[in-house]
Amino acid sequence: MRRRILIADDTTFMREMLKSSLDREKYEIVGEATTGQQAVDQFKEKKPDLLILDINMPVMNGIDALTEVMAYDPNANVIMCSDQKQEPMIVLALKKGAKDFVIKPFMASDVIHAISKIFKDQN
């Protein structure tokens with residue numbers, strides 16, 4: 001069974017890079033969101049195995065979206081991404097339930113490694 005992933009990032013380039021990399025690794029992309037609100041709505045609708053969530057997004061930022069996702073599903077697998085190298089944001093995201101955090105710019109292998117680690121821990 002292929003693991004199902006939702007990608008939430010407001011930049012087309014990042015979504016395309018992630019889709020391409022995840023597809024090569026045989027993950028199924030169940031949706032793409034460009035705002036935090038879309039990420040929450042699609043998470044509830046599609047119930048992915050994992051959400052890759054950018055912090056800086058319009059309408060609702062990633063931290064607020066993470067909060068809503070975790071309230072809906074406390075066991076959700078969420079990896080946060082951001083170009084901010086701010087330790088407080090990383091700590092806040094982890095406290096709110098994110099399983100991992102990847103700093104932009106990142107290599108696709110960084111995200112693949114984070115995903116693999118989360119799924120390995122659940123087996």
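Predicted model: local features only at pLDDT ≥ 70, side-chain atom pairs only at ≥ 80, totals over all residues.
Visitor: How are helix 2 and helix 3 oriented to each other, and why?
Guide: Their axes come within 9 Å and cross at roughly 15°. Angles under 35 degrees count as roughly parallel. Helix 2 and helix 3 are therefore roughly parallel.

Visitor: Which residues in helix 3 do Gly36, Val40, Phe43 and Lys44 meet?
Guide: Those four belong to helix 2, which covers residues 36–46, while helix 3 covers residues 62–72. Across the contact, the helix 3 partners are Ala65, Glu68, Val69 and Tyr72.

Visitor: How do the residues of that contact divide into nonpolar, polar and charged?
Guide: The contact has Val40 and Phe43 on the helix 2 side, for example, and Glu68 among those on the helix 3 side. Sorted by kind, the residues of the contact come to five nonpolar, one polar and two charged.

Visitor: What kind of aromatic pair do Phe43 and Tyr72 form?
Guide: Phe43 is in helix 2 and Tyr72 in helix 3, so their pair ties together parts 29 residues apart in sequence. The ring centres are 6.3 Å apart, with 85° between the planes. Planes over 60 degrees apart count as edge-to-face. So this pair, at 85°, is edge-to-face.

Visitor: How many aromatic pairs does the structure hold?
Guide: Phe43 and Tyr72 make one of them. Tyr27 and Phe119 also pair up, with ring centres 6.1 Å apart and planes at 45°, so that pair is tilted. The count for the structure is two.

Visitor: How many residues apart are Tyr27 and Phe119?
Guide: Tyr27 sits in the loop between helix 1 and strand 2, while Phe119 is in helix 5. Both count as buried, because Tyr27 has 10% relative accessibility and Phe119 has 5%. The pair links distant parts of the chain, and the separation is 92 residues.

Visitor: Which elements do the buried residues of helix 2 pack against?
Guide: The buried residues in helix 2 are Gly36, Ala39, Val40, Gln42 and Phe43. They pack against strand 1, strand 2, strand 3 and helix 3.

Visitor: Which residues does Gln42 contact, leaving aside its neighbours within four places in sequence?
Guide: Gln42 is in helix 2. With a relative accessible area of 14%, Gln42 is buried. One of its contacts, Lys47, follows helix 2 and has a positive phi, near 45°. The contacts of Gln42 are Leu6, Gly31, Glu32, Ala33 and Lys47.

Visitor: What separates the C-alpha atoms of Ala93 and Ile55?
Guide: Ala93 is in helix 4, and Ile55 is 38 residues away along the chain. The separation of their C-alpha atoms is 9.0 Å.

Visitor: Is Ala93 buried or exposed?
Guide: Leaving aside neighbours within four places in sequence, Ala93 is in contact with Ile63, Leu66, Met80, Ala98 and Phe101. Its relative accessible area is 0%. Since buried means under 20%, Ala93 is buried.

Notes
Residues numbered from 1 in each chain as written. Heavy atoms only, no water. Axes fitted to C-alpha atoms, helices over the stretch in contact; angles between N-to-C directions. Helix = DSSP H or I, 4+ residues; strand = E, 2+ residues; numbered from the N terminus. Parallel < 35°, antiparallel > 145°, perpendicular 65-115°, else oblique. Contact = heavy atoms within 4.5 Å. Nonpolar A, V, L, I, M, F, W, Y, C, P; charged D, E, K, R; others polar. Phe/Tyr/Trp six-rings, centres within 6.5 Å; stacked < 30°, edge-to-face > 60°. Buried < 20%, exposed > 50% of the residue type's maximum accessible area, 1.4 Å probe, protein only.
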